[in-house]
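Visitor: Please take me through this entry. I would like to begin with the terms and then turn to the details.

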Amino acid sequence: MVSHDTHNNKSLTSRKQDKSSNLLTPHHKKYSSCPQRSEGKALEQKCQSWLLLQTKSYQVWLQPHLLHSPLKVNGTTGESMSLSVEERKILAKEWCQKAKGKMEQVIVHVGCMSLKDSQELAHHAAQIGADGIAVIAPSFFKPSTADVLRMFLQEVSSVAPTLPFYYYHIPAVTGVNVLARDVLEGIEKLIPSFRGVKFTGNDLMDFGQCVSYSQPHWSVLYGVDEQLLAALVMGANGAVGSTYNYVGRCVNNLISAFEKGDLIQARTIQFKMQELVSYATKLGFDVGVNKQLMTEVSGLSLGPPRLPVMLCPQARAQSITQKFHSIFPEH
């Protein structure tokens, strides 16, 4: 899943030296529906076995939809901040092992509130053969300046210095309102392995300045699915999105149309995505709803979300699913 945007093929790859693809962010299975740890080690192991079985089913389902697209594991869609360090390790290892030779890359998100936890996950990602790591800003004790945030990112990267490193910018969630462009200033001097940013925000001026400052070997990836076309015009190298779990092929077509100069077709697809997101937002659209929609479309058992994210009411899920099929009848 990198953020699993169900991106079919290289048509979602970077437009700058063909270096980065749209990433899919899978809905990771969690232990929410399993017994609590306090009920014993045997039950915990049973939950882990269930988790790995469901992950395997998910990988099989993604294969024909993604082909060799990159995958981003343990991101926002995967509710990584609600998982334990051990749970995130299990998921990361499973995806890295099973996706080898099937997905172009597996990038593991390792950001945590604790610097030590982030370092532990980064070191683990290097051990299991991840193709890169991404880090979100800590959001309880927030970095107040770009300098402080760069220091945090540098400390995480120091335990996995050879892994390509990506900054995950999502201010609406973290509340860290530091411009991404300011974070990028001189970052390669501190993190030689730095390879780009996933920009999930509506500030297209900040995004554009990131693209303008970007080095030839970097990737600037956009994460607001309903505004992707605008980001492509600004120079985005690819995209990472949760809705790409089920509209990835359409997004591939959008990017292909844009690259061919067919803006009418690209806009048509983007407007369809906006119609779906707008409809879902009016009903209440969050990670839990998005996950349930993925379940309805794929037929997979992805499990419930973990509190404080609430399970999507069945009536709402069915309404959004019906809207999805009316907009994208080919799915």
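Guide: Helices (H or I, at least four residues) and strands (E, at least two) are DSSP runs, numbered from the N terminus. This is a predicted model, in which local features need pLDDT of at least 70 and side-chain atom pairs count only at pLDDT 80 or more, while totals for chains, interfaces and linings use all residues. Residues are numbered from 1 along each chain as its sequence is written, and side-chain values use heavy atoms, with hydrogens and water left out.

Visitor: Where is Asn74, then?

Guide: Asn74 sits in the loop between strand 2 (71-73) and helix 2. Its phi is positive, at about 65°, although Asn74 is not a glycine.

Visitor: And which residues does the cis peptide bond join?

Guide: The cis bond links Leu307 to Pro308, with omega at about 15°. Pro308 belongs to the loop between helix 12 and helix 13 (314-327).

Visitor: Turning to packing, at what angle do helix 2 and helix 3 pack?

Guide: Helix 2 (residues 85-99) packs against helix 3 (residues 115-127) at about 20°, and their axes are 10 Å apart. Helix 2 is therefore roughly parallel to helix 3; angles under 35 degrees count as roughly parallel, over 145 as roughly antiparallel, 65 to 115 as roughly perpendicular and the rest as oblique. Axes are lines fitted to C-alpha atoms, for helices over the stretch in contact, and angles run from 0 to 180 degrees between N-to-C directions.

Visitor: Which residues of helix 2 and helix 3 meet?

Guide: Val85, Arg88, Lys89 and Lys93 of helix 2 meet Asp117, Glu120, Leu121 and His124 of helix 3, where contact means heavy atoms within 4.5 Å. By class, the residues of this contact are 2 nonpolar, 1 polar and 5 charged. Here Ala, Val, Leu, Ile, Met, Phe, Trp, Tyr, Cys and Pro count as nonpolar, Asp, Glu, Lys and Arg as charged, and the others, Gly among them, as polar.

Visitor: What about helix 3 and helix 4: how do their axes cross?

Guide: The axes of helix 3 and helix 4 (residues 146-157) come within 8 Å and cross at roughly 40°, which means that helix 3 is oblique to helix 4. On the helix 3 side, Leu115, Ser118, Gln119 and Ala122 meet Phe152, Glu155 and Val156 in helix 4. The residues of this contact comprise 4 nonpolar, 2 polar and 1 charged.

Visitor: And how far apart are the axes of helix 10 and helix 11?

Guide: The axes of helix 10 (residues 244-259) and helix 11 are 7 Å apart, with a packing angle of about 155°. Helix 10 is therefore roughly antiparallel to helix 11. The contact includes Tyr244, Val247 and Phe258 of helix 10, and Leu263, Ile269 and Met273 of helix 11. Its residues divide into 13 nonpolar, 3 polar and no charged.

Visitor: New topic: what is the volume of the largest pocket?

Guide: The volume of the largest pocket is about 1100 Å³. Its lining has 48 residues, and Thr76, Tyr168, Ile170, Val173 and Thr200 lie nearest the centre. On a 1 Å grid over the protein atoms alone, a pocket is an open set of points where a 1.4 Å probe fits, with protein on both sides within 12 Å along at least five of seven lines; lining residues have an atom within 4 Å of a point. Grid points are joined across faces, edges and corners, and a volume is the space filled by probe spheres set on the points.

Visitor: Which element gives the most to that lining?

Guide: Helix 5 gives the most, with 4 residues. Elements that give two or more include strand 5 (165-169), helix 5 (171-174) and helix 12 (287-298). By class, the lining has 19 nonpolar, 22 polar and 7 charged residues.
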